Amino acid sequence: MATMKDIARLAQVSTSTVSHVINNSRFVSDEIREKVMAVVRQLNYTPSALARSLKIKETNTLGMLVTASSNPFFAEVIRSVERYCNRHQYNLILSYTDGDSERLQRNLETLIRKQVDGLLLMCAESHWQLNDDISQRLHLPMVMLDWWPTALNADKVHENSEYGGYLATKTLIDAGHREIAIITGSFKKSLAFNRVQGYQKALAEAGIPLRKAWIIESHFDVEGGIDSMQKILGLTPRPSAVFACSDTIAIGAYQALWRAGLTVGKDISIIGYDNIEMAQYLSPPLTTIHQSKNHLAKQAVEMLLQRIKQPPQENRTLTLEPHLVWRESVLDLHAVNPVSERRDR
């Protein structure tokens, strides 16, 4: 395999001149540059990516640690992250933990040993804590997407979850519903707590009394949706609508209603959160709060690359605004009973 020394010998220039030509790191006359490049083409020379990375201490590789692999929301974000890494000529090393806290520690160790230039972190588990040894060694540029269980010296990109919770609840209220339950993930996660805050704000604004029994704390998964909806079906009186704080919860709620012989959008209205791709294919299609996975990924990758190349003095937080996607899972009571609509007004 040809080396820079071989090129320098045949071109009759110094090795440093060859390096400046190949890396475009200093002015070299056109005559000398062409002379060097002719030998490069003759020897079919390809610079060593490993050697370059060792020299400039950059590998053009990002690491991404994700603590859940079954949630479609995470999968859609990861797909967008990989796409934006590719656009910026960066490789991505993806690491899952699948709910195993020991695996979390091992995977972080692996990413550190791989000498990635920066880390993207996404967490779905509310009970995890990093050990002190790992936390103290995490001096890489980092960006958290949505949430992480411990305080880290990192930038953060998340969505305005309180507004999203408010928007979801107000959508149900505007459709004529006043008996609205909510199924959320663990309150240890700030985004779950914030969505409930938005729910409470919308109820208070509409003068609707808060019923604590209608706030169901569960998990951001299908099983959590099934179990929680079964609890709601046992309530007296039974709510006319449910705000599921993730689309995976909503899928579980659909399943529970189907098992009970009830119909979404007829017997009970459901609004979800995230707008995962399959939401539009449910029966009926799910009304949901959209947070752009593509925009979340784009901002996270670009923020991390900026921190790698030009480290800022202070950590930054970027908040993205969600919006409503209306489909058929919410029954508009005003359309069903226009007389009562006029009476309420």
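Predicted model: local features only at pLDDT ≥ 70, side-chain atom pairs only at ≥ 80, totals over all residues.
Two residues are in contact when their heavy atoms lie within 4.5 Å.

F243 touches G165, A168, T169, L172, A181, I182, I183, R195, Y199, I271, G272 and Y273, leaving out residues up to four places away in sequence. F243 also belongs to the largest nonpolar core, which has 72 residues. Together with L120 and I270, F243 touches the most other members of that core. Which helix gives this core its largest share? Helix α12 (residues 293–309) does, with eight residues.

Now step back to the whole chain. The protein chain has 14 helices and 12 strands. Of its 345 residues, 49% are buried. Among contacts with a separation of 6 or more, 73% join residues 24 or more positions apart.

Next, look at a pair of helices. Helix α1 (residues 4–11) packs with helix α3 (residues 30–43) at an angle of about 125 degrees, and their axes are 9 Å apart. The crossing of α1 past α3 is right-handed. On the α1 side, D6, I7, L10 and A11 take part, and they meet K35, V36, V39, V40, Q42 and L43 in α3. Sorted by class, this contact has seven nonpolar, one polar and two charged residues.

Beyond its neighbours within four places in sequence, S228 is in contact with I183, I216 and S218.

Finally, some spots in the backbone deserve a look. Most residues other than glycine have a negative phi, and most peptide bonds are trans. The table lists the exceptions discussed here.

| Site | Backbone feature | Value |
|---|---|---|
| T236 to P237 | cis peptide bond | omega near -5 degrees |
| S283 to P284 | cis peptide bond | omega near -5 degrees |
| Q89 | positive phi, not a glycine | about 60 degrees |
| N275 | positive phi, not a glycine | about 55 degrees |

Where do these sites lie? P237 is in the loop between α10 and β8 (241–244), while P284 is in the loop between β9 (269–274) and β10 (287–290). N275 also lies in the loop between β9 and β10, and Q89 sits in the loop between α5 (72–87) and β2 (91–96). Q89 counts as exposed, at 59% relative accessibility, whereas N275 is buried, with a relative accessible area of 13%.

Terms used: Residues numbered from 1 in each chain as written. Heavy atoms only, no water. Axes fitted to C-alpha atoms, helices over the stretch in contact; angles between N-to-C directions. Helix = DSSP H or I, 4+ residues; strand = E, 2+ residues; numbered from the N terminus. Left-handed = near helix turned anticlockwise from the far one by under 90°. Nonpolar A, V, L, I, M, F, W, Y, C, P; charged D, E, K, R; others polar. Core = buried A, V, L, I, M, F, W, Y, C linked by side-chain atoms within 4.5 Å. Buried < 20%, exposed > 50% of the residue type's maximum accessible area, 1.4 Å probe, protein only.
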